[in-house]
Amino acid sequence: MVASILDLMKQRVVLLDGGFGTELIQHGFPQGACPEAWNVEKPEVVKAIHKSYFDAGSDAVLTNSFGGNRIKLASHHLEMRCYELNKAAATIANEVKPEGRFVGGSMGPTGKFLEPQGELTEPQSEEAFAEQARGLTDGKADFLLIETHYDLREALAALRGARKASRLPVFVTMTFNRGPRGFFTMMGDSVAQCLEAFEKEGVPVVGANCTLISSDMAELVKDMRGKTKLPIIAQANAGKAALSAEGEVSYAQGMENYLRYIPMIKANGATVIGGCCGTNPEYIKRMAEILKVR
Ligand SMILES: [Zn+2]
């Protein structure tokens with residue numbers, strides 16, 4: 001058995017989980033509510049989703065705390081419960097964690113722009129992420145994942161905050177759009193800028209998630225591999241969501257097409273692979289077979 005997820009990465013490809021929001025909705029989560037509140041109101045539902053991913057073969061699952069910083073929680077008037085909701089997120093994921101597997105504390109963006117585009121200051125952002133990291137760490141997460149960030153400055157503020165509050169390893173994934181000049185975050189950060197900044201800060205594992213479908217993600221991984229020697233995380237979306245006349249949500253790429261690029265994502269240099277929006281435990285089960293992790 002391996003002692004840490006970093007040790008496991010030295011041995012083989014590590015499989016993460018898939019989408020969480022769509023799974024919550026399948027379990028009756030109402031539109032517009034606060035997902036993190038369910039860590040205390042409906043922990044059995046959150047645990048069942050985590051368990052479905054562990055059963056599918058995930059080496060690690062990410063906690064239900066993507067929007068768990070106090071700035072994001074304020075939109076639900078729950079900012080005073082930041083610590084509690086994050087601690088609960090990690091605690092309940094641990095309750096269904098099999099031996100030798102891991103729980104990653106998810107830390108998504110605040111959703112607000114930093115100065116000068118917005119009103120948020122870097123110290124405010126840093127403090128918000130420190131508070132969240134404290135809760136996730138006290139709930140016994142095995143590592144922290146700053147994920148889906150689209151502003152390098154905020155990702156770095158989150159990194160400082162997480163490190164101030166926690167001694168856990170902190171990984172970072174950014175979300176990139178594909179344009180004619182290559183891959184850039186919404187705020188215009190290039191792949192090279194992001195990787196350089198994270199290497200300078202000593203981030204042990206870096207990568208990308210969300211926005212891109214698996215074929216584009218394979219290209220991005222290749223680009224990243226040429227620019228860093230660090231282990232790379234890749235979690236692609238399953239395409240744009242579409243609503244049918246019957247109210248069924250489907251994702252444009254389709255599962256078979258999505259899975260076709262998983263071997264390429266690995267061959268191009270990803271060490272940690274999972275799914276993002278639109279993927280579910282069935283995708284992960286198939287990915288476990290393709291990547292031979294179980
Ligand atoms: Zn996503």
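What arrangement do the 4 donor atoms around the zinc ion make? It is tetrahedral, because they subtend angles of 89 to 132°. The model is predicted: local features need pLDDT of at least 70, side-chain atom pairs count only at pLDDT 80 or more, and totals for chains, interfaces and linings use all residues. Residues are numbered from 1 along each chain as its sequence is written, and side-chain values use heavy atoms, without hydrogens and water.

**View A. The zinc site.** Cys210 (SG), Asn237 (OD1), Cys276 (SG) and Cys277 (SG) are the protein donors, 2.2 to 2.6 Å from the zinc ion. Donors are N, O and S atoms within 2.8 Å of the metal (3.2 Å for Na, K and Ca). Four donors count as tetrahedral if all angles lie between 85 and 135 degrees. Cys276 is buried at 12% relative accessibility; Cys277 is partly exposed at 36%. (Buried is under 20% relative accessible area, exposed over 50%, partly exposed in between; 1.4 Å probe, protein chains only.)

**View B. Asp17 without a salt bridge.** Asp17 is buried, and the nearest side chain of opposite charge, Arg101, is 11 Å away. Lys and Arg count as positive, Asp and Glu as negative; His and the chain ends are not counted. A polar atom of the Asp17 side chain lies 3.0 Å from the backbone nitrogen of Leu62.

**View C. The Asp59 and Arg12 salt bridge.** Their closest N and O atoms are 3.0 Å apart. A salt bridge is a side-chain nitrogen of Lys or Arg within 4 Å of a carboxyl oxygen of Asp or Glu. Asp59 is buried at 0%; Arg12 is partly exposed at 26%.

Technical notes: Four donors count as tetrahedral if all angles lie between 85 and 135 degrees; four count as square planar and six as octahedral if opposite donors are over 155 degrees apart and all others between 65 and 115; anything else is irregular. A polar contact is a pair of N or O atoms within 3.5 Å; within protein, one must be able to donate a hydrogen and the other to accept it, and residues adjacent in sequence count only if both atoms are side-chain atoms.
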